Amino acid sequence: MAVLDQVPDDNENPSATANRRTAIAELLRRIAPVADELGERFAAAGHELALVGGPVRDALLRRPSKDVDLTTDAPPQKILEIIDGWADNVWTIGIEFGTVGLRKNGHELEITTYRSESYDPKSRKPEVSYGTSLVEDLRRRDFAVNAMAARLPGYEFVDPFGGLTDLRRKLLRTPGRPEDSFSDDPLRMMRAARFAAQLGFTVAPDVVQAMKDMAGRIEIVSAERVRDELSKLICGTYPREGLALLVDTGLAAHVLPELPKLRLEIDEHHRHKDVYEHSLIVLEQAIAQEKEGPDLVLRLAALLHDIGKPRTRRFEAGGRVSFHHHEVVGAKMTRKRLTALRYPKDVIADASRLVELHLRFHGYGTGEWTDSAVRRYVRDAGPLLTRLHKLTRADCTTRNKRKADRLRRTYDDLETRIDRLAEEEELAAIRPEIDGNEIQEILGIRPGPLVGKAYKFLLELRLDQGMVGKEAAERELRRWAAEEGIKPE
């Protein structure tokens, strides 16, 4: 029987409770066989130790977890004394926040002293103070489902705030008042949305209301911490639920303001798609094409691909609405927002480039592109071609089945042509048939801007005509150089 099926009701008898706790202990023991041994060392030193938080939650949900988080009443220096000579390796990068890391028999564990954190209204850094009680340490946790523990050794289950019941109900509540929890750490509001996206849980009404009332407090949290939560949310199993919570509570207006702005007003004179809903559908359809797990770049591009529409919206004659060049504007906005969120440069570059390219396919029509145009499509996409395929296909959200089938068949045709050209010409590595050294030798010029200009000419020749052979390429290069007045140096 699954552990969550053993959550008791109010009339449960003591025997059933004992059986449930035994089952939980056996499940948690599988996380890290060395944890009991470590618990014995702490007990011998007169200190408590408990497995706590996310690893306990994930074990009960039968979800894989790489983390082994432990908590103790021992201060950091005492932790180091207890594990000295026992751990295979120790690191203290988080010791100023009360955390010591260690490795034992291939298992990595983190031990943190009981603590509480709070933010000064004007500070971005939490103030940390140590505690002496496991229950009080659990009380300061973000949600009841993360406020469960197992004392070591022995794995005695500790659940003072009803986290196990919440797991069964798929509900997110705070151990205490949500206002107090979010005052201690405003990032917890983002975490509520992240857990909704990862676990598919419902957020309790009082927690949602507190998020609405306190959304502005997220401004004091560093961009890096917000970014990390947003990435986990977007890469969750149910990102729509998390994103909707951010928008509905007003948090998105502070961390991703472009998203709620996609809720373009619709009136009886100007009927058009709700771009916000369209973007969520595109995200879901992009996710459906993933084959190797969550792709953060693809998901960011899918979510943000139309953020340029509000700025480019124009009402045309006859009630039409246009968004000319929204892909170019959107690419700039994507770059600016992801930069503000401190995303890595490669993520920023790739996501914004996909946004810029997402409309390119619509010039294909019913296959009117020449081979030269297909080559340019591949050249411009570069290593993002596979992601661009997925984004372009995901961007079809029409309810008109005939139109959707036509778009799908047309893109099938484009991919077939790309594959054919790739086989014929090694399209994935488009480059001129004459390299920079050969250009210098043929034209008798030294390294410099002229070589780059000649290379660009040869690349255009390659794109327009495909593989013409080195002799033909050399003739065209000499002809071009004569027209440009380029002479041997």
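**E8 and E9.** I looked up the pairing of E8 and E9: they run antiparallel over three bridges. Two strands count as paired if DSSP finds at least two bridges between them. Strands (E, at least two residues) and helices (H or I, at least four) are DSSP runs, numbered from the N terminus. Within the pair, Ala 150 faces Phe 157 in E9.

**Ground rules.** The model is predicted, so I note that local features need pLDDT of at least 70, that side-chain atom pairs count only at pLDDT 80 or more, and that totals for chains, interfaces and linings use all residues. Residues are numbered from 1 along each chain as its sequence is written, and side-chain values use heavy atoms, with hydrogens and water left out.

**The sheet.** I traced an open sheet of seven strands with mixed pairing, in the order E3-E4-E5-E2-E1-E8-E9. Strand E3 (89–91) and E9 are at the edges with a single partner strand each, so one side of each has no neighbour in the sheet. On average, neighbouring strands are turned by 30° against each other, direction ignored. Axes are lines fitted to C-alpha atoms, for helices over the stretch in contact; angles run from 0 to 180 degrees between N-to-C directions.

**Helices on the sheet.** Helix H2 (residues 34–44) packs on the sheet and touches strand E1 (49–52), strand E2 (69–72), E4, E5 and E8. The direction of H2 makes about 35° with that of E5. Contact means heavy atoms within 4.5 Å. Helix H4 (residues 76–83) also packs there, touching E2, E3, E4 and E5, and its direction makes about 15° with that of E4.

**Loop between E8 and E9.** I checked the backbone here. The peptide bond from Leu 152 to Pro 153 is cis, with omega near -5°. Pro 153 lies in the loop between strand E8 (149–152) and strand E9 (156–158). Tyr 155 is in that loop too. Phi of Tyr 155 is positive, near 65°. Tyr 155 is buried, at 2% relative accessible area. Buried means under 20% relative accessible area, exposed over 50%, partly exposed in between (1.4 Å probe, protein chains only).

**Loop between E4 and E5.** Asn 105 sits between strand E4 (99–104) and strand E5 (107–113). Asn 105 has a positive phi of about 50°. Asn 105 is exposed, with a relative accessible area of 53%. Most residues other than glycine have a negative phi.

**H9.** Helix H9 (residues 205–214) buries Val 207, Val 208, Ala 210, Met 211 and Met 214. Down the axis of H9 these fall within an arc of 160°, so they line one face. The arc is that of the directions from the helix axis to the C-beta atoms. On the other side, Pro 205 and Asp 213 are exposed.
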